Amino acid sequence: MLIQKLMYVARPAAQVVLYLLIALSVLSIGVIIERWWFFRRRKVDINELGDDLERALRSGDTSAAFAVLRESRSVEAKILTDALKWKADGAESVEQILAKAVRRNRPPVEVGLLFLGTLGNNAPFIGLFGTVLGIMTSFRQLGSSQGASGMDNVMGSIGEALTATAIGILVALPAVIGYNVFQKKGADIEENAAALGNIVLATMKSGGGGGHGQLPVINGGVEAADLAHAGGAEASVQATRRAAGVEV
């Protein structure tokens with residue numbers, strides 16, 4: 001009894017699967033277009049942005065560095081803006097906030113990727129499910145058909161059933177491609193943000209463009225250079241005494 005009811009449901013269910021695949025295909029294309037536009041609007045020349053940021057930081061002008069980042073619409077600039085606000089608290093604080101900003105900006109970058117990945121993995125199985133339902137209907141027709149015309153109808157039904165598998169694969173391909181491309185773009189954004197963060201940390205550790213290269217003051221105000229000069233003079237006097245045969 002149950003098997004017979006399932007056989008009657010199989011044909012309309014196979015058609016529902018086809019409509020479902022078409023709807024999922026439309027959603028997939030929409031997500032791909034939206035993600036393409038998202039990354040296109042936020043595209044940036046990371047080398048040029050890094051050079052401008054480095055020049056501003058080396059000059060010691062933090063306001064100029066913020067201005068450079070504000071001019072860019074990229075996700076990397078947004079991440080660096082959050083981290084640069086902590087510049088006065090030291091390099092370690094900037095490094096921690098940089099990691100936090102990367103995590104906080106990850107969800108907007110990954111919008112729709114879960115859908116694309118899930119659809120790419122499961123669309124062929126949905127199509128295969130529709131094919132199985134269609135073949136079940138074809139075999140039911142085969143059992144009740146007579147003559148050559150009946151066989152023609154059965155073969156036509158099998159061909160229609162196999163169409164579901166083809167559509168499932170067709171839906172999965174752009175979803176998988178879009179998922180891989182946009183996932184790579186998200187990884188590139190994080191790598192670029194880390195590279196810009198290294199520029200900020202390097203300029204901070206080198207003195208931020210001002211005062212670096214100065215020798216430390218030790219021994220109550222005598223500079224290390226003066227001590228080195230005095231030590232060199234003393235060594236020269238000792239060498240002269242040895243050459244003259246005077247015991248040192």
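Start with Glu34 and Arg35. Their side chains form a salt bridge, 2.8 Å from N to O. By salt bridge I mean a side-chain nitrogen of Lys or Arg within 4 Å of a carboxyl oxygen of Asp or Glu. Arg35 is buried, at 2% relative accessibility. Glu34 is partly exposed, at 38%. The cut-offs: buried is under 20% relative accessible area, exposed is over 50%, and partly exposed is in between, with a 1.4 Å probe and protein chains only.

A word on the source. This is a predicted model, where local features need pLDDT of at least 70, side-chain atom pairs count only at pLDDT 80 or more, and totals for chains, interfaces and linings use all residues. Residues are numbered from 1 along each chain as its sequence is written, and side-chain values use heavy atoms, leaving out hydrogens and water.

How many salt bridges does this rule give? The count is 6. One of them joins Arg106 to Glu190, with the closest N and O atoms 2.7 Å apart. Arg106 sits in helix α6 (residues 106-109) and Glu190 in helix α8, so this pair ties together parts 84 residues apart in sequence. Helices here are DSSP runs (H or I, at least four residues), numbered from the N terminus. Arg106 is partly exposed, at 30%. So is Glu190, at 28%.

Next, Glu54 and Arg58. Their closest N and O atoms are 3.2 Å apart. Both lie in helix α2 (residues 46-58), 4 residues apart, which means about one helical turn separates them.

Last, Tyr19. This residue is in helix α1, and is exposed, at 63%.

Technical notes. Helices (H or I, at least four residues) and strands (E, at least two) are DSSP runs, numbered from the N terminus.
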